[in-house]
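Subject: A model to look at

Hello,

Here is the structure I promised to pass on. Please open it alongside this note.

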Amino acid sequence: MSVLLMAISYAIGNLLNQRMLSGKIKLAFYANIYHQHWASLIFLILASLCFESLPSKILLLHTPLLWVASIYMGLFSTALAWIIYYHLIREWDAVRASAVMYIVPIMAILWDFIFFHNRPQWTEGLGIITILLGVILIQLPKNRRLQPTP
């Protein structure tokens with residue numbers, strides 16, 4: 001149920017971003033990203049305060065790797081990735097831009113193989129092929145998809 005609600009929320013967010021970035025309402029690109037990131041940060045802080053216990057001060061103050069990892073993930077895996085993603089929503093449509101996100105599980109399997117030497121199972125290989133075919137079909141120009149075959 002939570003995955004279904006996440007997918008519905010994600011779809012609504014994509015369509016709203018497309019409307020705000022390229023529709024009649026047209027917001028400034030970087031202002032939109034700025035406000036969304038601050039709203040997300042506030043929401044995550046409030047949610048973590050409600051559902052999680054506070055971490056120990058020893059863990060926070062004496063683990064510099066934790067801070068480096070958090071800054072790296074925040075800058076490269078979130079901020080930079082979302083700037084590129086919103087650029088794609090503005091330049092393409094929301095459906096084509098969201099297809100880029102389907103590549104994430106494939107990259108996770110690739111990095112798992114490279115760093116931890118875990119060989120993908122045949123079902124994961126089948127999933128990779130299915131995802132790639134879906135992404136290729138979404139990325140085809142509309143006029144090629146709608147033409148009947150002779």
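Below are the notes on confidence, helix packing and aromatic rings.

This is a predicted model, in which local features need pLDDT of at least 70 and side-chain atom pairs count only at pLDDT 80 or more, while totals for chains, interfaces and linings use all residues. Residues are numbered from 1 along each chain as its sequence is written, and side-chain values use heavy atoms, leaving out hydrogens and water.

The average pLDDT (the predictor's confidence in each residue, from 0 to 100) is 79 for the chain, and 85% of the residues score at least 70.

Helices H2 (residues 29-51) and H4 (residues 64-91) pack at about 135 degrees, with axes 11 Å apart; axes are lines fitted to C-alpha atoms, for helices over the stretch in contact, and angles run from 0 to 180 degrees between N-to-C directions. That makes H2 oblique to H4 (under 35 degrees is roughly parallel, over 145 roughly antiparallel, 65 to 115 roughly perpendicular, the rest oblique). In contact (heavy atoms within 4.5 Å), Phe29, Tyr30, Ile33, Gln36 and His37 of H2 meet residues of H4 including Trp82, Ile83 and Tyr86.

The whole structure has three aromatic pairs (Phe, Tyr and Trp rings, the last by its six-membered ring, with centres within 6.5 Å; planes under 30 degrees apart are stacked, over 60 edge-to-face, the rest tilted). Tyrosine 34 and tryptophan 38 have ring centres 6.3 Å apart and planes at 65 degrees, so this pair is edge-to-face. Tyrosine 34 and tryptophan 38 are about one helical turn apart, because four residues separate their positions in H2.

Best wishes

Technical notes. Helix = DSSP H or I, 4+ residues; strand = E, 2+ residues; numbered from the N terminus.
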